[in-house]
Amino acid sequence: GYYYVDKTPYVAQLIDQGKYYFLSRPRRFGKSLLLDTIKELFEGNKPLFSGLYIENKWNWEKKHPVIRISFGSGTLRNRKELDDRIKSLLQTNARNLDIVLNEKDDIAGQLIKLIDDAKHKYKESVVLLIDEYDKPILDNITNAEIAAEMREGLKNLYTVIKDADEFLKFCLLTGVSKFSKVSLFSGLNNLRDITLSTEYSAICGYTDEDIDRVFAPELSGLNRDDIRRWYNGYNWSGQSVYNPFDVLLLLEE
């Protein structure tokens, strides 16, 4: 009863070509699903990839510990709420990996310990996925003072990443906007920004081919030219793509 658009060719290429990535896309564009796909892949959940491009191109015996952090839910109104949320997310990841963190340690110390302990406990390098990295700032963008506090709080988290290089296998941060590496990613100057990379222009969203091939059973009675004109308007220096959420709303009607 579900349709699935296979983005694993892009995921395989990402992992093969590098280690640190940043991707910006609008909300409701499939960024979270992309991170979920990468998480399940590195955790070796082979049944979820049955019939997909990557099924026979991945070593399913080798599993990596995954740390997944998302700021997508709720609105954080001040620095204390942000710090509390980060610590809660780190504790959740620690429990999932059967690791104990000292709640008295600061945020940087907890993340360092989480990555270090995960690497040694599972004998494999760690995958770090951060979703909606910029949301705490954007939610307070009209209040310059609070937005600056949020930036400093997030900077406290993100600057750990480069120092953890020897423990990391793969790292991807996603968000809506790109902030200056100087202000937010201080020291983390090795992120490859694939936002406008032609080869990854369709890593999120549906292409014309996806609509015609995957969703063909749902197109009966709809004017295909109208759908293309209404929804196929996003382009990041490559293939034009449809917003997945808008297409699903259309097909539900």
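## Ground rules

The model is predicted, so local features need pLDDT of at least 70 and side-chain atom pairs count only at pLDDT 80 or more, while totals for chains, interfaces and linings use all residues. Residues are numbered from 1 along each chain as its sequence is written, and side-chain values use heavy atoms, with hydrogens and water left out.

Five of them make an open sheet in the order 2-3-4-1-5, with parallel pairing. Strand 2 (66-70) and strand 5 (192-193) each have a single partner strand, so they stand at the edges with one side left without a neighbour in the sheet. Helices (H or I, at least four residues) and strands (E, at least two) are DSSP runs, numbered from the N terminus, and two strands pair if DSSP finds at least two bridges between them.

## The largest pocket

The largest pocket has a volume of about 660 Å³. Among its 26 lining residues, G30, L33, Y206, P244 and L248 are the closest to the centre. On a 1 Å grid over the protein atoms alone, a pocket is an open set of points where a 1.4 Å probe fits, with protein on both sides within 12 Å along at least five of seven lines; lining residues have an atom within 4 Å of a point. Grid points are joined across faces, edges and corners, and the volume is the space filled by probe spheres set on the points.

Which helix gives the largest share of the lining? Helix 2 does, with five residues. Helix 2 (31-42) and helix 10 (244-252) each supply at least two residues. By type, the lining divides into 14 nonpolar, six polar and six charged residues. In this scheme Ala, Val, Leu, Ile, Met, Phe, Trp, Tyr, Cys and Pro count as nonpolar, Asp, Glu, Lys and Arg as charged, and the others, Gly among them, as polar.

## Salt bridges

The count comes to 23 salt bridges, each a side-chain nitrogen of Lys or Arg within 4 Å of a carboxyl oxygen of Asp or Glu. One of them joins R68 and D36 at 3.0 Å, N to O. R68 sits in strand 2 and D36 in helix 2, 32 residues apart. R68 is buried at 18% relative accessible area, whereas D36 is partly exposed at 34%. Buried means under 20% relative accessible area, exposed over 50%, and partly exposed in between (1.4 Å probe, protein chains only).

K121 and D98 also form a salt bridge, with their closest N and O atoms 3.6 Å apart. K121 lies in helix 4 and D98 in the loop between helix 3 (79-96) and helix 4, so this pair ties together parts that are 23 residues apart in sequence. K121 is partly exposed at 41%, and D98 is exposed at 58%. Elsewhere, D208, D212, R224, D225 and R228 are linked in a network of salt bridges.

## Cysteines

How many disulfides does the model have? The count is zero, where a disulfide is a pair of cysteine sulfur atoms within 2.5 Å. The sulfur of C171 has its closest cysteine sulfur in C204, 16 Å away, which is too far for a bond. Both cysteines are buried: C171 has a relative accessible area of 0%, and C204 is at 2%.
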